[in-house]
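Biologist: Please show me the model, and let me ask what stands behind each term you use.

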Amino acid sequence: MKNTIKSRRKSLKLSQAELSELTSVTRQTINAIENEKYDPSLELAFKLAKVLRTTVDELFIYGRDSK
């Protein structure tokens, strides 16, 4: 699933480590999500959206356009 996490994180001047701390996951998890190697749980998706000041719908692109 494609996502806009990396660009939103950078626009807020957050490092992967800072985002991971704010969402209670490892930096490696953030890296895997940003590189589309791991789809987060619904709970983590909502945490990411809150920290990145957006909605889950804005963070993740699902469907035909995501491949």
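Modeller: The buried residues of α3 pack against β1 (2-3), α1, α2, α4 and β2 (60-61). Packing here rests on contact, that is, heavy atoms within 4.5 Å. This is a predicted model, in which local features need pLDDT of at least 70 and side-chain atom pairs count only at pLDDT 80 or more, while totals for chains, interfaces and linings use all residues. Residues are numbered from 1 along each chain as its sequence is written, and side-chain values use heavy atoms, with hydrogens and water left out.

Biologist: What makes a run of residues a helix or a strand?

Modeller: Both are DSSP runs numbered from the N terminus: helices are H or I with at least four residues, strands are E with at least two. The protein chain has 5 helices and 2 strands, in the order β-α-α-α-α-α-β along the sequence.

Biologist: Which residues of α3 are buried?

Modeller: Thr29, Ile30, Ala32, Ile33 and Glu34. After α3 comes Glu36, with a positive phi near 60°.

Biologist: Why is Glu34 called buried?

Modeller: Buried means under 20% relative accessible area, exposed over 50%, and partly exposed in between, with a 1.4 Å probe and protein chains only. Glu34 has 9% relative accessibility, so Glu34 counts as buried. Leaving aside neighbours within four places in sequence, Glu34 is in contact with Asn3, Ile5, Lys6, Arg9 and Gln16.

Biologist: What makes the link between the side chains of Glu34 and Gln16 a polar contact?

Modeller: The term asks for a pair of N or O atoms within 3.5 Å; within protein, one must be able to donate a hydrogen and the other to accept it, and residues adjacent in sequence count only if both atoms are side-chain atoms. The contact between Glu34 and Gln16 is 2.8 Å, so the distance meets the limit of 3.5 Å.

Biologist: How do you know that the buried residues of α2 are on the same side?

Modeller: In α2 (residues 16-23), the buried ones are Gln16, Leu19, Ser20 and Thr23. They cover an arc of only 100° around the axis, which puts them on the same side of α2. The arc is that of the directions from the helix axis to the C-beta atoms. An α-helix has 3.6 residues a turn, so residues three or four places apart point the same way. Glu21 and Leu22, on the other side of α2, are exposed. Cover for the buried residues of α2 includes α1 (5-11), α3 (27-34) and α4 (42-51).

Biologist: What is meant by a nonpolar core?

Modeller: A set of buried Ala, Val, Leu, Ile, Met, Phe, Trp, Tyr and Cys residues joined through side-chain atoms within 4.5 Å. The largest one has 13 residues, and those with the most contacts inside it include Ile5, Leu19 and Leu48. The largest share of this core, 4 residues, comes from α4.

Biologist: How do you know that the radius of gyration agrees with a compact globule?

Modeller: The radius is taken over C-alpha atoms, and the globule rule is 2.2 Å times the number of residues to the power 0.38. For 67 residues a compact globule would have a value near 11 Å, and the protein chain has 11 Å, so the two agree.
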